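Let's take a slow walk through a protein model together. Have the sequence and the 3D view ready, and look up each residue as it comes along.

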Amino acid sequence: MIKTRLRNGKRLDMPSLFVNPQTSRDSQILKSVNSIYGKNEDGGIPHIEGIIVRLCDCKTVGIQGLIEQTALSGPSLSEKVIVIDPALDIIFQGTKDRKNRLFKMKKPNFEELAESFSKINSINYEDLEITRLQDIIDRIYPLLDINFIRQTLEFQLNLNTDICVIPSVPLTTMNYFDEQIAKIRDMHRIGFSLMQTIMDPDKKFDWMFLISLHPRLINNNTIPKIKETLTMHQVDHYGIKLLNDPDTDPMQLQFLVNFLDELDLERETLENTPSIHLWNTRELGYMAWCHGVNIVGNPIATYPYFRDTGEDHPEPPSERTGRYYHPRKKIDVDKEILLNEARKHNYAFPCSCEACSNGKTVIELIEDPRRWNKFRRTHFLLAKNEEVNILKNDELPLKRAVHAFFADPQSDNSTYLRFLS
Amino acid sequence: MMEIKIPEILEKKEYLKLPPNERERYVREILRQVVAMNPLGVTVSVLKDELPFNSRTLEKHLSVLTFTNEIYTVKIGPNSLYLPNHKALHHESRELINLKNREYIVYAVNNRLGEFVLIQEKKPSHSNRMDVGGGILIPKESFKEFIDFLVKWSDEYDKNST
């Protein structure tokens with residue numbers, strides 16, 4: 001394990017797990033779990049070391065409350081590392097609800113962006129020579145200028161977050177890969193220059209470059225360009241945020257692992273040995289720890305990848321069906337599967353976390369959706385806290401511990417084993 | 001021609017988009033960094049060749065940096081050579097105190113003109129960042145005398161106030 005200190009003195013015991021609350025309910029549960037629970041004498045969820053909040057969720061989640069929260073026992077949330085993800089991918093492919101939240105923000109000011117998007121959405125591109133994405137690049141990209149970047153950075157610095165993420169557009173398609181990567185490089189360059197001069201010349205904050213991308217864009221041709229874009233300046237953290245599930249395609253997963261390995265090698269040549277992050281992922285993150293990733297980000301009890309079907313559902317499909325993270329199978333299971341399994345054991349939960357072992361049965365909790373969704377989030381945080389504790393403190397080296405985790409006979413998650421040999 | 005090191009700078013059209021007060025801070029910080037990166041010193045004419053700022057802007061900000069004792073000048077013929085005090089700073093000697101939302105930082109400095117103690121004041125700018133407000137350089141051999149002078153003044157002031 002690598003103990004590291006951020007510039008502001010906060011400590012991390014890497015590899016680390018960060019969680020990403022996205023709703024006010026996530027936030028309330030995170031606060032209460034950290035405050036109330038904890039088997040060990042420290043209490044809380046000490047092995048979840050950080051919190052990532054997307055810019056569009058800051059108000060909903062009550063970011064100030066998270067930053068200021070003190071626990072009854074154990075480390076307070078305020079002691080954890082707090083990061084704001086500018087998450088500009090939301091404006092290109094988020095839900096209507098989240099886009100609207102962003103567009104209503106005054107600082108950074110999204111008004112012009114909202115107007116331009118409104119115009120774009122009113123156009124039928126079928127009979128036009130220009131594509132919608134080209135029009136977005138022509139109209140929207142120029143609005144993501146130095147003042148927009150400055151306001152986004154200022155927002156983070158004013159909240160005293162621990163790692164300042166320089167905003168950039170997502171990488172979403174091979175058709176416009178060059179244009180998108182050029183814009184990312186530009187935004188990184190401007191953001192870096194602003195941080196060096198007017199925003200943080202005394203280097204009181206950690207700085208981060210983050211690229212949000214579809215994993216299908218990672219291949220032998222694009223890896224060098226993505227890597228070069230990430231490492232173009234020396235910052236304290238480099239990050240990749242996945243916008244879709246690489247598990248669906250073995251080749252995508254292989255390319256992702258290749259990329260992480262190359263980034264890890266490149267990182268060793270750099271003076272300050274920056275940390276590598278992989279956000280918006282789940283159990284894949286444990287495998288990524290064994291390929292150079294230091295910090296992994298998980299949403300709370302939610303499948304990370306959501307496709308906007310055009311319906312205005314604020315919650316992804318997994319939320320609507322209320323899936324439970326099964327710590328022995330290492331996957332999320334539907335309520336029906338959980339119920340069927342629990343039936344054989346007097347409806348007891350297949351988990352020894354404090355939430356699951358407090359006497360309530362599956363059938364008692366599953367009937368009430370509100371109670372169920374609150375419970376499964378609480379369980380998720382406690383189960384993950386314990387998983388990370390076991391993996392990091394195992395006597396075996398990390399790779400073997402993670403291999404043993406996925407190779408467990410009860411595990412239904414063997415996708416990553418071939419990367420852990 | 002003298003070659004100097006410069007940090008990565010924004011394109012002119014980019015930095016001109018900044019609000020006026022941020023633009024001022026930007027130019028000053030770039031100059032601070034350029035002088036720090038060139039311990040042998042820089043002149044206005046060299047800076048004018050390498051940076052996208054005019055002479056008037058350069059001179060204005062260089063004089064502010066001189067006033068706050070972050071840099072100092074040495075006359076070489078008709079030219080002024082601007083040298084970094086920060087390069088001469090002994091960072092291990094740095095101590096900081098926070099008093100009523102301002103920071104006071106003390107450093108030991110050793111430059112071409114001798115050994116000094118630099119006391120720097122930083123105060124919050126409009127955007128809540130800390131900016132250098134001023135600085136004084138006291139010759140090191142006279143520093144104790146200076147402290148005694150301040151203590152005596154403070155005691156007299158308290159006596160006269162009560």
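Which residues of chain B form a nonpolar patch on the surface? They are I147(B), F149(B), L150(B) and V151(B), and together they have about 340 Å² of accessible area. A patch here is built from residues with over 30% relative accessible area and no salt bridge; nonpolar side chains (Val, Leu, Ile, Met, Phe, Trp, Tyr) are joined within 5 Å, and like charges within 9 Å. The accessible areas come from the Shrake-Rupley method with a 1.4 Å probe, and for residues only the protein chains shown count as cover.

Before going on, a word on what you're looking at. This is a predicted model, where local features need pLDDT of at least 70 and side-chain atom pairs count only at pLDDT 80 or more, while totals for chains, interfaces and linings use all residues. Residues are numbered from 1 along each chain as its sequence is written, chains are lettered from A and ligands numbered from 1 in the order in which they are written, and side-chain values use heavy atoms, with hydrogens and water left out.

Now zoom out to the whole of chain B. Its secondary structure comes to five helices and six strands (DSSP runs numbered from the N terminus: H or I with at least four residues for helices, E with at least two for strands). Follow the sequence and you'll read the pattern α-α-α-α-β-β-β-β-β-β-α. The C-alpha atoms of chain B fill a box of roughly 60 × 40 × 30 Å along the principal axes.

Next, see how chain B meets chain A. In all, 21 residues of chain B are in contact with 20 residues of chain A, where contact means heavy atoms within 4.5 Å. The two chains bury about 1,800 Å² between them, 48% of it on carbon and sulfur atoms; buried area is the accessible area (1.4 Å probe) that two parts lose on being put together, summed over both. On the chain B side, E8(B), K17(B) and R129(B) lose the most area to chain A, together 33% of what that side buries.

What about charges? The interface of chain B and chain A has six salt bridges, each a side-chain nitrogen of Lys or Arg within 4 Å of a carboxyl oxygen of Asp or Glu. Helix 1 (12–15) and helix 2 (20–37) of chain B each supply at least two residues to the side that touches chain A, and helix 2 gives the most, with six residues.

Over all chains, the count comes to 39 salt bridges. In chain A, R377(A) pairs with D26(A) in a salt bridge, with the closest N and O atoms 2.5 Å apart. That pair links distant parts of the chain: R377(A) is in helix 16 (residues 369–393) and D26(A) in helix 1 (residues 24–36), 351 residues apart.

Finally, look at some loops of chain A. A cis peptide bond joins M14(A) and P15(A), with omega about 10°; P15(A) is in the loop between strand 2 (11–14) and strand 3 (16–20). A301(A) has a positive phi of about 55° although it is not a glycine, and you'll find A301(A) in the loop between strand 10 (295–299) and helix 13 (317–321).
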